[in-house]
Amino acid sequence: MSTRLADRLQAARQRRFAGRQAELALLRSALTAADLPFAVLYIHGPGGIGKTTLLAECTQVATALGARTIALDARTIDPSPTGVAIALQHALGLGENESPINHIASYPGRLLLTIDTYELIVPLDTWFRDELLPQLSADTLVVLAGREPPPLVWRTDPGWQQLFRALALRNLSSTESDEYLERSAVPADQRQRVLEFTHGHPLALSLAADLFAQRPGVLFQPEEAPDMIKTLLELFVQKVPGPAHRVVLEICALVNVTTEPLLAAMLDLPEARDLFEWLRSLSLTASMRQGVFPHDLAREALTADLRWRNPLWYRELHRRAREYYSQHLHKTSGAEQQALLHDYIYLHRTNPIVRPFYEWQQGFSIVAEPAQPADIPNLLHMIETHEGQESVAYAKHWLETQLDGVLVLREIGATADTTPAGVLVMVAMERTTPSERAADPAIQRAWDVLQQQAPLRSGQRATHFRFWLARDSYQAISSVQTVLMVQIVRHYLVTPQLAYTFFPVSEADFWGPLAAYANLTRHPQADFSSGQRTFGVFGHDWRTTPPNAWLGLLAEREVASDALMIQTSVPAVPQPVVLSEPDFLAAVEEAVHHFLRPDRLYASSLLHAQVVVARIAADASTAERIAMLQTIIREACDVLQASPRDIRLYRAVYHTYIQPAVTQERAAEMLDLPFSTYRRHLKQGLSRIAELVWVSEVSVAN
């Protein structure tokens, strides 16, 4: 009889499986017990640690023990109760009208249900725990696998405490790693080199095995670098089947999700099926309904390597991806357009300014929809919770008169009476009357700015994003906030005759770097207060920089060699910051910690301290302020170096932050000091530097 390809694939996977014996022993003991000792096993660990591989082996073990198995992957499931039911129907081969829950509950025997990438459907966790799982048979064992530890409620609920187990996956031991390499046909004389370099990280081991499979006889000589995955990927990428395959890998690392049409467009080919299938076959990639994506560590390494090795080609690929998204943006709508915009913004993921302001992980199950009159009470309550009663009065008017400019964010699968997850209230300023503007200081002040600087012409439109917030986290970084930002960008790109936009934030200093990156101008004269909150306002004139030009500008900033040079087009000149002595000393010590990290110094309050402001031009850029702060710190270090009493403190600081050793332990060795003595010198040195800079600050102030 002929063998199915699936059987051959499974046999190959099992031949290479190594380790995880303790985890599998736990599974076997549970499945063979008279009564299941627990109903849910939750496996968690970072990307590349081997969760998916372990789940596949769990299925094999259960099958060998006579248990029925159902394997689901959350990447292929619509994150809603209905989506889970449909996935179970397909896995069980049931008809559309057959209940998968009833089918599972009535199964007469042990059953193993596994769900991979559970983090993508965590919003359904309460429904899983309280509604779905209790309906299953007592002979059903559920194994969940995700990147994050399980929600706390699994451990605190009195019932689930007894029926729940959690396992955190770690790197493989040296013995397990050696076994894996042996099963992967890595030459015996090369394994020790691989083991010493990979330290048992499953993804690194897999990449090393792929290297030997594609380059038989290669001598494994990794470069001395702290990022082992980056080095392995560099070795792997050098020997792909051909130049086109290398480009495919680079594209996959750059974009959020790779599809066959996107690949063909970026490669300028009529079709790219063979290359796409090759990409899908690699161990460093995974597939989901939307397309193919690399493991996180592989993506980071490939992207960093490309930007360092060939920055011009990186820029070109970035341009091609932008062009593809731009061409398809106006051909889509709704959730599809939202996903496309997220992919567009994803191109800026590696930028040190933009990266902290979004949740980049795929899988948040939130969609934006036009608000309905029935939403108004919930929206007003949400605004009152975060901004107070004064804001409610303003919001009530705009919700009643311009409801067509309001978007609500809903969690997929939420019931109809659940409060929306977030709201975006866009006031069309050209439609406001003088009395309406006078009743809301936020709109009135923005209108005054508009009249003074860039009055609207006939037919032009101006938008004030008057309210934007998440139900649970207000304007903090979250998946809801990310979707809100995507909708704001969507408004920029698809609104006809848009002339000006105003974007208010409750923490202007926090959002300033992102606003500067997005070429938004700070408008202090448009700032306003509501209750206990004061809002800073940023704006953009779309007549001087239209959407396409704006996208091009952002693209140039993404691929620029020094993104930190970016500043607002009309920068507001900040006043010197006056800090208390304890806060100032703490800020100096933190700045020394990040002496070689301009991206971290970018947010330092010391950039506007008097000791810095006194030595730079009034309109100095952020990069110039950072450079001056570094100069002041170095001058304080020089004072320590010149003092016989403080030279030992200087050396500890120098080898830790100014010219740092690889680790603090290594710095102590270089100084020939016990580690405890080194740490004491380092602490004293930081304090002395902070005191010296404080003296300079006080001198300037006086």
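Student: How much accessible surface does the protein have, and what share of it belongs to carbon and sulfur atoms?

Tutor: Accessible areas here come from the Shrake-Rupley method with a 1.4 Å probe, and for residues only the protein chains shown count as cover. The protein comes to about 32,300 Å², of which 52% belongs to carbon and sulfur atoms. This is a predicted model: local features need pLDDT of at least 70, side-chain atom pairs count only at pLDDT 80 or more, and totals for chains, interfaces and linings use all residues. Residues are numbered from 1 along each chain as its sequence is written, and side-chain values use heavy atoms, with hydrogens and water left out.

Student: What percentage of the residues count as buried?

Tutor: Buried means under 20% relative accessible area, exposed means over 50%, and partly exposed lies in between (1.4 Å probe, protein chains only). Of the 702 residues, 52% count as buried.

Student: How many helices and strands are there?

Tutor: Helices (H or I, at least four residues) and strands (E, at least two) are DSSP runs, numbered from the N terminus. The protein has 32 helices and 15 strands.

Student: Which residues have the most contacts inside the largest nonpolar core?

Tutor: In soluble globular proteins, nonpolar side chains tend to be buried together. A nonpolar core is a set of buried Ala, Val, Leu, Ile, Met, Phe, Trp, Tyr and Cys residues joined through side-chain atoms within 4.5 Å. The largest one has 117 residues, and I251, Y325, W550 and I689 have the most contacts inside it. Helix 23 gives the most to this core, with 9 residues. Apart from it lies another core of 35 residues, among them Y394, L399, V406 and V449.

Student: How many cavities of 30 Å³ or more does a search of the whole structure find?

Tutor: On a 1 Å grid over the protein atoms alone, a cavity is a set of points where a 1.4 Å probe fits but cannot get out; lining residues have an atom within 4 Å of a point. Grid points are joined across faces, edges and corners, and a volume is the space filled by probe spheres set on the points. The search finds 1 cavity of 30 Å³ or more. The largest cavity has a volume of about 320 Å³. Its lining has 20 residues, of which Y358, V489, A518, W550 and L554 lie nearest its centre. Helix 18 (334–346), helix 23 (479–494), helix 24 (508–517) and helix 25 (547–559) each supply at least two lining residues.

Student: How do the lining residues divide into nonpolar, polar and charged?

Tutor: Ala, Val, Leu, Ile, Met, Phe, Trp, Tyr, Cys and Pro count as nonpolar, Asp, Glu, Lys and Arg as charged, and the others, Gly among them, as polar. The lining of the largest cavity has 19 nonpolar residues, 1 polar and no charged.

Student: Is P504 buried or exposed?

Tutor: P504, in strand 12, counts as buried at 2% relative accessibility. Contact means heavy atoms within 4.5 Å. Leaving aside neighbours within four places in sequence, P504 is in contact with residues including H464, W468, F528 and F535.

Student: What is the phi of Q497?

Tutor: Most residues other than glycine have a negative phi. Q497 has a positive phi of about 60 degrees although it is not a glycine. Q497 sits in the loop between helix 23 and strand 12 (498–505) and counts as exposed at 52% relative accessibility.

Technical notes:
On a 1 Å grid over the protein atoms alone, a cavity is a set of points where a 1.4 Å probe fits but cannot get out, and a pocket is an open set with protein on both sides within 12 Å along at least five of seven lines; lining residues have an atom within 4 Å of a point.
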